[in-house]
Amino acid sequence: MALRFEVLARFNRARAARMTLPHFVCETPLFMPVGTQGTIKGLTTSQLEEIGCQIILGNTYHLALRPTSELIDELGGLHKFMNWSRALLTDSGGFQMVSLLHLADITENGVTFQSPVDGNPMLLTPEESIQIQNRIGADIIMALDDVVKTTTTGPRIEEAMYRTIRWIDRCIAAHQRPGEQNLFAIVQGGLDPVLRDICVKALTERNLPGYAIGGLAGGEDKDSFWRVVAQCTAALPEDKPRYVMGVGYPLDIVVCSALGADMYDCVYPTRTARFGTALVPEGVLKLKHKAMAEDIRPIDPTCACMVCRTYSRAYIHALVTKDAMGSQLLSYHNLYYMLQLSRDLHNSIIQGRFPEYVLVYSFLPPSPKRLFSLSFMLLC
């Protein structure tokens, strides 16, 4: 095992921890930007270090297609390939069973994709997924799981959950670098509490370095989403990191952290930036609106990022409709916002003021959704 996880402070189920990985010592709760093909669109690795990024997520499926894991391995691994000295996490390729379902055929052996690059078939088995990730060399690698949308009903949910359990043993057997890379298992089971319990119990018996909660953020209502997170975090080991996959809305991260989760990832901050939208404490700010054309204020007067210290809303408005620089500046700001949220959560737990922080966050602005989230956290 190449991971040490130390809980530094708690408030009820919320916890602030130090997670030591081969390439970096991280503080949780933490948000991981998604660099699908070894890059965050529009940002350099120096800029990511500047804003406090601790872990970047890479996509196994896409990296295997291009530039290929063999080339990355030949060039010294993904850290050297992308010039990133801090931690990396690679997913297993399982999510593409949902996002590229029209190109995928799922069997007990694995999943066969039709390559979006050249149209050729690509068989991704649990063994192949781990072998690809071993070559890429990330600090944390994910087991291949059978992923279905949470809005799916019927026997497919149970089938996917039991297949995920069977596949974890194949992933463990294929893992050749346990002293350098940490294999995380992924809890499946849809919105069914019985299936989630079965999966958690089976996976924790394998005593892996960490665990993820998968199959969420796929269209289910917030109440169901948070209740699955609450159930899984309560059952997962206290001394291992807990990763809620695909979660990137700030409010969800606050709620999930209150429920005992530690790690999150999502394309939301950078994807929404490319549509001209900034994250602010009140929610979102749409820089394409005409009202921004003569607004000389920064995106967020309370934000200390380079963009807010340097540029006005009017300037960015002029860019987002015509120039790629606009989306780059917004991506920088949005990721800074998410990473600062992570730091604020960590520090509020360490300093014993997590309830006050949640109260301030939940009431800015006052809305039914935020008030419900506060009530939910207090009840749990």
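This is a predicted model: local features need pLDDT of at least 70, side-chain atom pairs count only at pLDDT 80 or more; totals for chains, interfaces and linings use all residues.
Local features here need pLDDT of at least 70, side-chain atom pairs count only at pLDDT 80 or more, and totals for chains, interfaces and linings use all residues. Residues are numbered from 1 along each chain as its sequence is written, and side-chain values use heavy atoms, with hydrogens and water left out.

An unreviewed UniProt entry places a "binding site" at Asp91, Ser92, Gly93, Gly94, Phe95, Asp145, Gln188 and Gly215; such annotations may be inferred rather than shown by experiment. From this set, Asp145 is in the lining of the largest cavity (a set of points on a 1 Å grid over the protein atoms alone where a 1.4 Å probe fits but cannot get out; lining residues have an atom within 4 Å of a point).

Gly93 sits in the loop between strand E6 (87-90) and helix H5 (96-99); helices (H or I, at least four residues) and strands (E, at least two) are DSSP runs, numbered from the N terminus. Gly93 is buried, at 0% relative accessible area (buried means under 20%, with a 1.4 Å probe and protein chains only). Asp145, in the loop between strand E10 (140-142) and helix H7 (155-174), is buried at 4%.

The unreviewed entry also lists Cys303, Cys305, Cys308 and His333 under "binding site". These residues spread over 31 residues of sequence but cluster in space, with a largest C-alpha distance of 8.7 Å. His333 belongs to helix H14 (residues 324-350) and is buried at 0%. Beyond four places in sequence, its contacts (heavy atoms within 4.5 Å) include Cys303, Cys305 and Cys308.

How values were computed:
On a 1 Å grid over the protein atoms alone, a cavity is a set of points where a 1.4 Å probe fits but cannot get out, and a pocket is an open set with protein on both sides within 12 Å along at least five of seven lines; lining residues have an atom within 4 Å of a point. Buried means under 20% relative accessible area, exposed over 50%, partly exposed in between (1.4 Å probe, protein chains only).
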